[in-house]
Each structure stands twice: as structure tokens, then as C-alpha cells.
Amino acid sequence: MSGNRGNAGLGMGKKGYQTGFNSLGRTVKMFFSFYPRLAPAAIVCIIVTSIIGAIPSFFTQNIIAIIEKWYQSGDYEAAKPELVKYLSVLIILYVLALILNTLQTQTMAFMTQGFLHKLRNEMFSRMQKLPIKYFDTNKHGDIMSHYTNDIDTLRQLVSMAFPTLIQCTVTVLVVFFMMLYFSVWMTLVLITGVVLMVIVAKKVGGGSAKYFIRQQMAIASTEGFVQEMMNGQKVIKVFNHEDECEEEFGLLNDDMRSTQFKANFFGGITGPIMANLSQVTYSIVVGVGGM
């Protein structure tokens with residue numbers, strides 16, 4: 001298994017990305033099969049919360065327009081009914097978003113731990129049916145890494161990445177239609193900046209994904225090596241193999257350090273780059289709008 005995982009991580013070509021998307025699809029499908037009712041309910045909460053989170057900006061603009069309008073006339077009593085109406089709607093939306101967000105958070109926490117529990121049980125059950133040859137040709141630490149590191153990665157996917165993806169997608173769609181409602185030309189200017197951000201994110205994010213996959217493989221290889229050396233410690237001492245083991249461990253440790261540095265480097269620079277590009281795009285939009 002370690003050999004297969006190593007070969008898979010050396011290149012992230014079209015086939016590698018296709019395999020990754022297929023694995024993601026199987027994971028999501030399995031998640032929904034474990035929770036056929038709670039999972040759709042949690043997604044509905046995420047979608048509604050995202051829509052509610054994008055709408056208040058529209059109401060805020062109307063409130064500012066009302067205040068500006070009645071500030072010039074000085075008749076604040078006439079502005080009070082309109083302000084109360086909009087503020088009441090905003091309060092209701094915020095309270096509803098708070099309730100749904102709380103339900104979604106608690107539900108996802110419950111489903112995430114239950115999903116990992118069921119996944120480990122299913123993995124263990126299927127592993128009992130594997131032939132002895134599989135365990136003889138694969139490192140025990142590499143096998144155990146599937147129950148620890150890989151499962152923990154799925155925890156982050158289910159509890160954080162998947163809900164965030166849905167939330168961001170819904171928010172982008174709602175904001176996009178609101179922008180089209182206000183100004184088509186300004187929306188086109190913003191889309192140009194977004195395309196640039198997507199290109200940069202693809203370049204930088206591709207390197208981050210590649211090295212994070214290599215990091216998982218390096219951790220598995222190191223764990224497998226350490227566990228085998230600890231189990232065979234007496235044999236190593238009898239044949240005076242300590243120096244060779246130390247040298248091999250040093251190579252594995254250096255490889256893990258290198259892949260972790262590169263993975264965290266690309267992952268760390270992605271945020272600042274995207275933040276700066278968003279500021280540049282915002283400046284361009286403001287400049288075009290001013291003109």
C-alpha cells in the first residue's frame with residue numbers, strides 16, 4: 001500500500017485530480033448514506049444561513065438611504081416607521097441565522113464523530129477479509145496511518161471544508177445576483193478580478209495540495225518504519241544494524257520535514273496572496289465606480 005500511495009503522490013496530473021474527485025464523491029456519498037435525514041437538514045441550515053448572511057447588506061443600504069433622505073429634511077418622525085420596518089426585518093433575520101447556525105454546528109459535530117466512528121468500524125471489518133499477504137507486504141505503521149492520519153483528514157473535510165464550501169458557494173451566488181441587480185458593468189469589472197484570483201489560486205493551491213498529499217505519505221512511511229524497528233529491536237541489536245537504521249530514519253525524517261515545510265509554505269502564502277488580490281480588485285472596482 002505504501003508503494004501505491006507513494007506513486008500516487010509524485011504527480012498531480014489529470015488522472016490524479018480525477019482520482020481525488022472520485023474519492024471525494026465516494027466520501028460524500030458514504031456520509032449521506034450514514035445520515036440520510038440529518039445530512040440534508042444540516043445542508044438546508046447552511047444554505048439558509050448563507051442566504052440570510054448575504055441579505056443584510058441590501059437592507060443596510062436602504063437604511064442608509066432613508067437616514068440620508070430624512071436628514072436633509074430634518075423630519076425624523078417621518079423616517080421612524082420605515083426605519084423600524086427595516087430594523088425589525090434585520091433583527092428577525094439575525095435571530096433566525098443564529099438559531100440555524102447553532103443547529104447546523106451541533107448537528108455537524110454529532111455527524112462528524114459518528115461518521116468517523118462508523119468509517120473506522122467499516123474499514124476494520126473489511127480489513128479482516130484481506131489475505132495474509134497484504135499484511136506481510138505492507139508496513140504496519142502505514143496500515144495504522146489509515147486509522148489515524150487519513151481518518152483525521154476526513155474529519156477536517158466533513159466538519160470544516162464541506163460546510164464552508166457550501167456556504168461560500170451560496171454566498172457567492174446570492175451576492176452575484178445582487179450585484180447584477182445594481183450594476184451589470186460593475187459586475188463585469190469584478191468578474192475580471194475574480195478570474196485573476198482563480199488563476200492564481202489554482203497555481204498556488206495546486207502546489208499546496210500536491211505537497212499535502214506527499215506529507216500524508218511521508219508520515220505514513222515514517223510511522224511504518226518506526227513501528228517495524230521497535231518491533232524488531234532485538235534483531236537489530238544482534239546484527240549490529242543500528243547505524244543503518246539511524247541513517248534510514250534520518251532520510252525519512254528529512255523527507256517528512258521537507259514535505260511539511262513545502263505544504264505549509266504554499267498553504268500559508270495562499271491566504272495573503274488572495275487577500276492582496278481582493279484589495280487590488282476592490283480598488284479597481286472603486287476607481288471604475290468613481291469614474
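Here is a short walk through this predicted model, from the overall fold down to a few single residues.

**Overall build**

Let's start with the big picture. If you draw a box around the C-alpha atoms along the principal axes, you get roughly 95 × 45 × 30 Å. As for what is tucked away, buried residues account for 28% of the 291 residues.

**The nonpolar patch**

Helix 7 (140-182) and helix 8 each put in at least two residues. Helix 8 is the biggest giver here, with six residues.

L188 sits in helix 8 and has a relative accessible area of 42%, which makes L188 partly exposed. I191 is also found in helix 8, which spans residues 184-231. At 33% relative accessibility, I191 counts as partly exposed too, because anything between 20% and 50% falls into that class. For a sense of distance across the fold, take I191 and I51: they are 140 residues apart in sequence, and their C-alpha atoms are 20 Å apart in space.

**Charges**

Now for the charged side chains. How many salt bridges does the structure hold? It holds one, and the partners are E122 and R126, whose side chains meet at 2.8 Å, N to O. Both of these residues lie in helix 5 (residues 76-127), where they are four residues apart, or about one turn of the helix. E122 is partly exposed at 24% relative accessibility, while R126 is exposed, with a relative accessible area of 55%.

There is also a patch of negative charge on the surface, where E242, D243, E244, E246, E247 and E248 gather. One of them, E244, belongs to helix 10, which runs over residues 242-290. E244 has a relative accessible area of 38%, so it counts as partly exposed.

Where does N240 sit? N240 is in the loop between helix 9 (233-238) and helix 10. N240 has a positive phi of about 50°, although it is not a glycine. That is worth a glance, because most residues other than glycine have a negative phi. The residue is out in the open as well: N240 is exposed, with a relative accessible area of 59%.

**Accessibility at a glance**

Here are the single residues from the sections above, side by side.

| Residue | Relative accessible area | Class |
|---|---|---|
| E122 | 24% | partly exposed |
| R126 | 55% | exposed |
| L188 | 42% | partly exposed |
| I191 | 33% | partly exposed |
| N240 | 59% | exposed |
| E244 | 38% | partly exposed |

Methods: Residues are numbered from 1 along each chain as its sequence is written. This is a predicted model: local features need pLDDT of at least 70, side-chain atom pairs count only at pLDDT 80 or more; totals for chains, interfaces and linings use all residues. Side-chain values use heavy atoms; hydrogens and water are left out. Patches are made of residues with over 30% relative accessible area and no salt bridge: like charges are joined within 9 Å, nonpolar side chains (Val, Leu, Ile, Met, Phe, Trp, Tyr) within 5 Å. Accessible areas come from the Shrake-Rupley method with a 1.4 Å probe; for residues, only the protein chains shown count as cover. A salt bridge is a side-chain nitrogen of Lys or Arg within 4 Å of a carboxyl oxygen of Asp or Glu. Lys and Arg count as positive and Asp and Glu as negative; His and the chain ends are not counted. The place of a charge is taken as NZ of Lys, CZ of Arg, CG of Asp or CD of Glu. Buried means under 20% relative accessible area, exposed over 50%, partly exposed in between (1.4 Å probe, protein chains only).
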